[in-house]
Amino acid sequence: MPVATVNPTTGKTEMIIESHSAAEVESRIAEADAAALALRATTFAQRAEWMLAAAEILDDQALGLGELITVEMGKPIAQSVAEVEKSAKAMRYYASHSEEFLADAPLEDPSTVGASQAWTRYEPLGVVLAVMPWNYPLWQVIRFAAPALMAGNAGLLKHASNVPQAALFLDTLFERAGFPKGSFRTLLIGGGDVAGVIADDRVKAVTLTGSEPAGRSVAQIAADHVKKAVLELGGSDPFIVLPSADVKAAAATAVRARINNNGQSCIAGKRFIVHDAVYDEFAAEFAAQMAALAVGDPLLPETQVGPLATESGRQELLELVEDARAAGATILTGGTVPDLPGWFYAPTVIADLPDDARLVQEEAFGPVASLYRARDAADALRIANQTTFGLSSAVWTNDPDEERYFIAGLDAGAVFVNGMTVSYQELPFGGIKRSGFGRELAAVGQREFCNLKTVWKA
Ligand code: NAP
């Protein structure tokens with residue numbers, strides 16, 4: 001099965017690449033296995049030198065790589081370049097922090113366990129498979145690869161089938177920077193071929209970022225082989241606005257939270273839950289700003305919203321909006337397909353959703369916001385938590401009691417107060433409920449793919 005770059009702005013197929021044969025996959029797994037052994041014997045300082053060289057390659061090619069990302073998946077060019085820069089920054093962060101994150105930790109009083117000395121140490125697991133999505137073709141991969149390689153693991157990448165050129169760039173990046181051959185390789189395979197790779201004895205663990213069905217399938221296969229899995233799945237994050245908040249600032253940030261990455265971000269604010277006292281003010285401001293966004297060619301610097309990455313993604317979004325419309329919801333703006341080639345969808349705000357509308361439960365992966373009127377803080381919290389997802393959340397309030405109430409009450413992997421959710425290399429990232437399990441980023445993300453070994457000495 002070939003993989004292909006199909007430009008979502010034009011709908012044209014730009015490049016078709018043949019998938020790897022079974023023999024090629026076998027040879028890449030063998031190479032990764034050998035590299036994992038070699039990496040175990042290297043020092044943090046050596047790996048840091050290579051990681052910094054890899055970051056340098058990204059910085060040197062930021063513009064070209066940015067254009068490649070935009071051509072493959074359609075995000076506005078400034079966001080693509082920022083993604084490259086953010087990835088390079090994370091590589092530098094793990095180059096300088098890994099030794100500290102993975103340092104041996106002695107037990108203060110070893111006599112309590114009858115030892116002269118006792119300590120824990122973090123060791124690499126070996127080859128780790130990463131199954132990754134197209135929405136941040138570079139960042140999603142680097143935020144796994146930088147900590148994993150710095151810990152001494154080797155990586156195999158099964159990237160989304162619609163970003164093969166990004167996958168091939170990543171295939172050689174780490175080797176070009178000096179890492180041993182095979183330390184990080186791409187497998188050009190379909191989702192159906194992932195099971196065989198997870199089952200391989202040389203592959204020790206798997207991480208998947210993507211949809212709930214893909215996560216469920218990969219976790220089941222990993223469980224069958226008793227292998228560690230980390231899942232970063234979808235989200236339908238609440239963005240709550242209360243009367244004590246700066247409503248204008250909240251509305252402006254809500255627009256950015258919803259349309260960043262053309263609305264295709266797992267941590268985008270998707271459900272906007274607004275207290276009755278400020279609902280009308282927020283709704284008017286939010287809908288007006290969503291309607292005013294510049295939709296068009298993402299390679300043009302003035303464009304704020306580009307196309308959806310795939311035709312099927314737009315179809316799914318369109319069906320969610322039509323379901324809401326049929327159920328009696330009010331479309332405040334958008335709800336239309338712009339007259340453009342490619343897979344555009346107008347920035348949309350939908351209010352008055354009945355409980356049985358699909359949008360209440362399902363993730364809208366595109367520039368579609370749903371608006372909910374809350375009677376009071378308790379009602380806002382109820383609406384926020386009435387989802388099967390639990391990735392992140394945002395709450396806008398200047399009342400310290402309310403702030404405490406929402407920080408404690410929101411069922412999510414993160415709470416952002418008076419801001420929008422952003423991933424930072426310094427902060428753990430991940431969800432609960434059907435948004436997955438495990439964490440990425442910070443020290444905890446790096447330790448996910450390490451063996452925490454306890455040492456006891458008489
Ligand atoms: P997807 O269909 O699940 O694809 C993600 C990756 O999984 C791709 O490489 C895909 O390969 C592969 N895949 C699909 N089905 C598989 C299966 N049954 N077994 C093994 N691998 C499989 O995800 P998407 O719809 O493209 O991406 C959007 C989703 O990702 C959204 O739900 C979004 O919220 C989520 N996401 C989550 C995070 C997070 O950190 N929590 C970040 C970004 C995105 P093919 O391309 O070959 O099908």
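Predicted model: local features only at pLDDT ≥ 70, side-chain atom pairs only at ≥ 80, totals over all residues.

Reader: How much space is in the largest cavity?
Author: The largest cavity holds about 80 Å³ of space.

Reader: And which residues line the largest cavity?
Author: Among them are Arg143, Phe144, Pro147 and Ala148, along with Arg439, Glu440 and Phe449. Helix H5 (139-150) and helix H15 (442-447) are the elements that give two or more residues to that lining.

Reader: Which element has the largest share of that lining?
Author: H5 does, with four residues.

Reader: Ok, what about pockets? What's the volume of the largest pocket?
Author: The volume of the largest pocket is about 1,100 Å³. Its lining has 45 residues, and Trp134, Gly210, Ser211, Glu212 and Phe365 lie nearest the centre.

Reader: Which elements give two or more residues to the lining of the largest pocket?
Author: They are helix H7 (194-199), strand S8 (203-209), helix H8 (212-224), helix H11 (311-326) and helix H12 (358-361). H8 gives the most, with six residues.

Reader: And how do the residues of the pocket lining divide?
Author: For the largest pocket, the lining has 20 nonpolar, 18 polar and seven charged residues.

Reader: Let's zoom out. How many helices and strands does the protein have?
Author: The protein has 15 helices and 20 strands.

Reader: Why is it called as compact as a globular protein of that length?
Author: Its radius of gyration is 23 Å, close to the 23 Å that the globule rule gives for 458 residues, so the protein is as compact as a globular protein of that length. Along the principal axes, the C-alpha trace spans about 70 × 60 × 40 Å.

Reader: What percentage of the residues is buried?
Author: Buried residues are 56% of the 458 in the protein.

Reader: What about contacts between residues 24 or more positions apart?
Author: Those account for 72% of the contacts with a separation of 6 or more.

Reader: New topic: I clicked on Glu67. Where does Glu67 lie?
Author: Glu67 lies in helix H3, which covers residues 62-73. Glu67 has a relative accessible area of 40%, so it counts as partly exposed.

Reader: Which residues does Glu67 touch?
Author: Leaving out residues up to four places away in sequence, Glu67 touches Ile77 and Leu299. As for Ala78, it is eleven residues from Glu67 in sequence and 9.4 Å away in space, C-alpha to C-alpha.

Reader: Last one: what's with the phi of Asn262?
Author: Asn262 has a positive phi of about 55° although it is not a glycine. Most residues other than glycine have a negative phi.

Reader: Is Asn262 buried or exposed, and where is its place?
Author: Asn262 is at 0% relative accessibility, so it counts as buried. Its place is in the loop between helix H9 (247-259) and strand S11 (269-275).

Reader: And what about the phi of Asp352?
Author: Asp352 also isn't a glycine, and its phi is positive, near 55°. You'll find Asp352 in the loop between strand S13 (348-351) and H12.

Notes:
Residues numbered from 1 in each chain as written. Heavy atoms only, no water. 1 Å grid on protein atoms, 1.4 Å probe; cavity = no way out; pocket = protein on both sides within 12 Å on 5 of 7 lines; lining within 4 Å. Points joined across faces, edges and corners; volume = space filled by probe spheres on them. Rg over C-alpha atoms; globule rule 2.2 N^0.38 Å. Buried < 20%, exposed > 50% of the residue type's maximum accessible area, 1.4 Å probe, protein only. Contact = heavy atoms within 4.5 Å. Nonpolar A, V, L, I, M, F, W, Y, C, P; charged D, E, K, R; others polar.
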